[in-house]
Amino acid sequence: MRPGEMADLAAAMIAAGIARLELIGPDFRLALARGEAAPEETDETAGGTEAAAETDADVIPVTAPALGMLLRAHPLHERPLAGDGEAVVAGQAIALLRIGALMTPVAAPANGVIVAALAEEGALVGYGDRLFDFLPHD
Amino acid sequence: MIEILSQSAFASVQDLGRFDAVRWGVGTAGAMDRLALLAGNILLGNAEDAAGVEVQVFPFEVRFDADHAFAVTGADCAATLDGVPLLPWSSARACAGQVLRLGLPQAGRWRGARACLTIAGGVDVPVVLGSRSTQLRGAIGGHEGRMLRQGDRLAVGAASGAAIVAGVVPPGLALPLEADGLPAVRVLPASEHDAYTERSLARFWDEPWKITPQSDRYGYRLAGPGLEPKAPIEVRSHGIVPGVIQVPHSGQPIVQMCDGQPTGGYPKIGTVIEADLWRLGEMPIGTRFRFVRVEWDAALAAREARDGWVAEVRRVADLMRARRAA
């Protein structure tokens, strides 16, 4: 990949509001991440109004482990994998990221509850995007 | 190793089937839902013909004696690992000592009858006549040629590829097939099709058929409108394959399934196409379904669509594997 193409990708990331990009080819792996300086639109609402009841210090973000379409319910089920406020155990799948025929589970980082969803059902999310505010329990 | 904890298991070791021994009168056996077996093996990085455990009576429990990646595909049976829920059509990792429990099949947007447990490395039973599938009639293959029972311990082969923890969008959703709101399978007319009365044929193609309790891996006995030949049909015993729809004197058809014998003497009205056998294999007893008439080209196109789905699962799984390796 030429340096010019990398600059184009970076510009496209900024235009699309993508925080991290990972590209894997037969003989290369490219990871681009936007600097912390740029404020993100999602941060305005994240952990703010909806999560006001919880102390922000305890809330941790759950980020996307891969790119894909966010599904909060398994395609066979109506019921979400984990509703907001529903207790889950560490490692339990709380959402799915669909890529074509496959789905990557998003695991709960600890025992706890989802406080707020930061992405819409069906939204295309990128690697590292914040999906949920999560409140761990002991 | 995995150990069967359930008392009455009615589960068996199956791979894709034993297709090279039919000429010696040995039926194919093999997974009733081969897409479930393939999906599990692809997620786990197994050879596609690696053997798994087909479960048809629930609940079913196994204990892992060592750390293993595994997948549960097929019927959505509310599986849990040490009580933690697992997702249908998904792989996961088990630690030594953990217990996998498959509960009752759930009625959701798609309902299956059989679950498939695959393990990274595959169930390591001897290959007999080219396959690891259990041939119950001949009591060969699988684990001692029989259904599994409590206390059985199955060896697991060395994992050949990297397993990924992921789920597959079930083929029941990805490759839907219905007729008038009922699940359907496509059928090619067979040699004695035209020997049935016009009225019988119209009803065969246009009315629902119900899977009776006398249905298992050998064959499905159906209940529906009686089928009457124009004149009594006498046929000599001949070779048959899974999917063949025979009509005994009762006029109520029987569909040969994976453990069906390779010869039969009843007239054949049709054959469920190979690409749709998994659909039938997953239909629970009591299901009302429809036959949809197709010709040769449509049957081949259906097989291509099925194989295309498998290829797509493999392609995305390989992408995920590459990503995790990087």
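Predicted model: local features only at pLDDT ≥ 70, side-chain atom pairs only at ≥ 80, totals over all residues.
A polar contact is a pair of N or O atoms within 3.5 Å.

D76(B) sits in the loop between β5 (68-74) and β6 (80-81) of chain B. Its side chain has a polar atom 3.5 Å from the backbone nitrogen of A78(B), and a polar contact of 2.6 Å links the side chain of D76(B) to that of H77(A). Is D76(B) buried or exposed? D76(B) is buried, yet it has no salt bridge. The nearest side chain of opposite charge belongs to R79(A), 8.8 Å away. Beyond its neighbours within four places in sequence, D76(B) is in contact with residues that include L76(A), H77(A) and P88(B).

Here are the distances mentioned so far, together with one for R109(B).

| Pair | Distance |
|---|---|
| D76(B) side chain and H77(A) side chain | 2.6 Å, polar contact |
| D76(B) side chain and A78(B) backbone nitrogen | 3.5 Å |
| D76(B) and R79(A) side chain | 8.8 Å, no salt bridge |
| R109(B) and E78(A) | 3.2 Å between closest N and O atoms, salt bridge |

Now for the wider meeting of the chains. Chain B and chain A bury about 2,000 Å² between them, with 69% of it on carbon and sulfur atoms. L87(B), R109(B) and R323(B) supply 31% of the area that chain B buries against chain A, more than any other three residues. The contact involves 27 residues from chain B and 23 residues from chain A.

Between the two chains, eight residue pairs are in polar contact. On the side of chain B that touches chain A, α5(B) gives the most, with eight residues. By class, that side has 20 nonpolar, two polar and five charged residues.

Conventions. Residues numbered from 1 in each chain as written. Chains lettered and ligands numbered in written order. Heavy atoms only, no water. Helix = DSSP H or I, 4+ residues; strand = E, 2+ residues; numbered from the N terminus. Buried < 20%, exposed > 50% of the residue type's maximum accessible area, 1.4 Å probe, protein only. Lys, Arg positive; Asp, Glu negative; His and termini not counted. Salt bridge = Lys/Arg side-chain N within 4 Å of Asp/Glu carboxyl O. Polar contact = N/O pair within 3.5 Å; in protein donor to acceptor, adjacent residues only side chain to side chain. Contact = heavy atoms within 4.5 Å. Buried area = accessible area lost by both parts, 1.4 Å probe. Nonpolar A, V, L, I, M, F, W, Y, C, P; charged D, E, K, R; others polar.
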